[in-house]
Amino acid sequence: MTTLHIEHAITDLTTWQAAFDRFAERRSAAGVMAHRVSQPVDDDHYVVVQLDFPSFGQAAACRTFLETQ
């Protein structure tokens with residue numbers, strides 16, 4: 001298993017979560033087996049996302065998609 005770790009600033013968790021949820025089918029198609037979303041206790045304008053993949057290749061392909069699209 002490989003975990004793709006993503007961190008980034010957000011303006012509002014509710015809005016960000018709605019956008020994240022719209023990509024559920026895309027994550028599944030990319031091979032995501034599980035995901036975790038968390039926030040630091042001292043910064044409600046930041047999220048940490050971890051996406052678990054069965055292989056490094058799938059994680060790398062997803063990272064490329066996120067960086068280019």
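Me: Leaving aside its neighbours within four places in sequence, which residues is Ile10 in contact with?

Reply: Bear in mind from the start that this is a predicted model. A contact here asks for heavy atoms within 4.5 Å, and, once neighbours within four places in sequence are set aside, Ile10 is in contact with Trp16, Gln39, Asp44, His45, Tyr46 and Val47.

Me: How should I read a nonpolar core, and which residues make up the largest nonpolar core here?

Reply: In soluble globular proteins, nonpolar side chains tend to be buried together. In this model the largest nonpolar core has 11 residues in all, namely Leu4, Ile10, Trp16, Phe20, Val32, Val47, Val49, Leu51, Phe53, Ala59 and Cys62. The elements that give two or more residues to this core are helix 1, strand 3 and helix 3, and the largest share, four residues, comes from strand 3.

Me: Is Phe20 buried or exposed, and which residues does Phe20 touch beyond four places in sequence?

Reply: Burial is read from the relative accessible area, and a residue counts as buried under 20%. Phe20, which is found in helix 1 (residues 13-22), has a relative accessible area of 11% and is therefore buried. Not counting residues up to four places away in sequence, Phe20 touches Arg27, His35, Val37, Val49 and Leu51. Of these, Val37 is 17 residues from Phe20 in sequence, while the two are 9.9 Å apart in space, C-alpha to C-alpha.

Me: Which residues lie nearest the centre of the largest pocket, and what is the volume of that pocket?

Reply: The largest pocket has a volume of about 400 Å³ and is lined by 15 residues, of which Ile6, Phe20, Phe23, Arg27 and Leu66 lie nearest its centre. Two or more lining residues come from each of strand 1 (2-9), helix 1, helix 2 (24-30), strand 3 (46-53) and helix 3 (56-68). By class, the lining comprises 11 nonpolar, two polar and two charged residues.

Me: Is Asp52 buried or exposed, and with which side chain does the side chain of Asp52 make a polar contact?

Reply: Asp52, which lies in strand 3, is buried because its relative accessible area is 5%, below the 20% cut-off. The side chain of Asp52 makes a polar contact with the side chain of Thr3, at 2.7 Å. Apart from neighbours within four places in sequence, Asp52 is in contact with Met1, Thr2, Thr3, Gly31, Val32, Met33, Ala34 and Arg36.

Technical notes. Residues are numbered from 1 along each chain as its sequence is written. This is a predicted model: local features need pLDDT of at least 70, side-chain atom pairs count only at pLDDT 80 or more; totals for chains, interfaces and linings use all residues. Side-chain values use heavy atoms; hydrogens and water are left out. Buried means under 20% relative accessible area, exposed over 50%, partly exposed in between (1.4 Å probe, protein chains only). On a 1 Å grid over the protein atoms alone, a cavity is a set of points where a 1.4 Å probe fits but cannot get out, and a pocket is an open set with protein on both sides within 12 Å along at least five of seven lines; lining residues have an atom within 4 Å of a point. Grid points are joined across faces, edges and corners, and a volume is the space filled by probe spheres set on the points. Ala, Val, Leu, Ile, Met, Phe, Trp, Tyr, Cys and Pro count as nonpolar, Asp, Glu, Lys and Arg as charged, and the others, Gly among them, as polar. A nonpolar core is a set of buried Ala, Val, Leu, Ile, Met, Phe, Trp, Tyr and Cys residues joined through side-chain atoms within 4.5 Å. A polar contact is a pair of N or O atoms within 3.5 Å; within protein, one must be able to donate a hydrogen and the other to accept it, and residues adjacent in sequence count only if both atoms are side-chain atoms.
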